[in-house]
Amino acid sequence: MDLAVKQEKQEKKLFTTKNMVLMAMFGALSGLLMYIQVPVPFAPSFYKLDFCDVPVMIGAFALGPAAGAVIAAVKILISLALRGTQTAGIGELSNWIQACSLVIPAALIYKHHKSKGSAILGMIAGVAIMVLVGCFTNTFILLPTYAKAFEMPMDALIAMGTALNPRINSLAAFVLLAVAPFNLLKGSLVSLVTALIYKRVSSVIKNRL
C-alpha cells in the first residue's frame, strides 16, 4: 500500500491509541501554557496573552481539524480542574470556541493541500475568523457574563477600557478597539510560533511515536 494512502487512512481514524495519546499530550501542554500569561497595553487586565493554542494548532495540523477541537476541549477541562470557574463555564466555553475558530479553518485548508503555502493561507483565514468570532462572543456572551459574575454594570467594564483608550466609550468601541486587536495579536503570534516549530514537531510525531 502506498505510504501516503496509508497515512491518509490513519488520519481519518481519530480515536486510535496513538492519536488519543497525542491529543492528551497536546491538551495537557496547552492547559499548562494557559498559566503563562502576559498583559497587553491596549486592553483591560483580564485580557492576557498566552500561547496555549500553539499545541492545539500543531495537533490540528498533524491529526486533523476534529483533533484540534478535542485538544482544545482537553485544555479547557484541565483549566477547570486546576482553577475552577467563576462564570459557570461560560468563559471556558468562549475560550474553546475561540480556539476552534482559529485552528479548525487553518487545519481544514491545510488538510486538503499539505504545503507551506496552504498552511500560511489557512492560518491567515483562521486569524480572520477568530477575530470575527471573538467580537461576537465578547459582545453577546463573554462580557455580559463577566459583568454578571463579578456584579459589575457593563458601564464599569467599558470604563476599564476608557482608562486605557479614551475612544473606548461604548460596548461596540470596546470590542473594536480592545477585543479585536487582542485576538488579532494572539492569533497572529500563535500562527507565527506554529509556523516556526511545526515541521520539527511533526517529524518527531511521525518518526518517533
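**From the surface to the buried charges**

A: Isoleucine 36 is exposed, at a relative accessible area of 56%; exposed means over 50%, buried under 20% and partly exposed in between, with a 1.4 Å probe and protein chains only. The model is predicted, with local features needing pLDDT of at least 70 and side-chain atom pairs pLDDT 80 or more, while totals for chains, interfaces and linings use all residues. Residues are numbered from 1 along each chain as its sequence is written, and side-chain values use heavy atoms, without hydrogens or water.

Isoleucine 36 sits in the loop between helix 2 and strand 1 (38–39); helices are DSSP runs of H or I with at least four residues, strands are runs of E with at least two, and both are numbered from the N terminus. Together with Leu32, Tyr35 and Leu82, Ile36 makes a nonpolar surface patch of about 430 Å². Patch residues have over 30% relative accessible area and no salt bridge; like charges are joined within 9 Å, and nonpolar side chains (Val, Leu, Ile, Met, Phe, Trp, Tyr) within 5 Å. Areas come from the Shrake-Rupley method with a 1.4 Å probe, and for residues only the protein chains shown count as cover.

Now the charged pairs. There are three salt bridges in the structure, each a side-chain nitrogen of Lys or Arg within 4 Å of a carboxyl oxygen of Asp or Glu. Aspartate 50 pairs with lysine 186 at 3.3 Å, N to O. This pair links distant parts of the chain, 136 residues apart: aspartate 50 is in the loop between strand 2 (48–49) and helix 3 (53–63), and lysine 186 is in helix 8. Lysine 75 and aspartate 53 form another salt bridge, at 2.8 Å, N to O. Lysine 75 belongs to helix 4 (residues 65–83) and aspartate 53 to helix 3, so this bridge ties together parts 22 residues apart in sequence. Lysine 186 and aspartate 53 also meet in a salt bridge, at 3.8 Å, N to O. Here helix 8 is linked to helix 3 across 133 residues. Lysine 186 is buried at 8% relative accessible area, and aspartate 53 is buried at 2%. Through shared partners, the salt bridges join Asp50, Asp53, Lys75 and Lys186 into one network.

Lys75 is one of the buried residues of helix 4, which also include Ile71, Ala72 and Ile76. These buried residues pack against helix 2 (17–33), helix 3 and helix 5 (90–112). Helix 4 is followed by glycine 84, whose phi is positive, near 70°.

Helix 8 (residues 171–208) also holds serine 191, which counts as buried at 8% relative accessibility. Apart from neighbours within four places in sequence, serine 191 is in contact (heavy atoms within 4.5 Å) with Met57, Leu102, Met123 and Val127.

The largest nonpolar core has 47 residues, among which Tyr47, Met57, Phe61, Leu102 and Phe174 touch the most other members. Such a core is a set of buried Ala, Val, Leu, Ile, Met, Phe, Trp, Tyr and Cys residues joined through side-chain atoms within 4.5 Å. Helix 8 gives the most to this core, with nine residues. Beyond neighbours within four places in sequence, phenylalanine 61 contacts Ala106, Ala107, Tyr110, Ala119, Met123, Thr194 and Tyr198.
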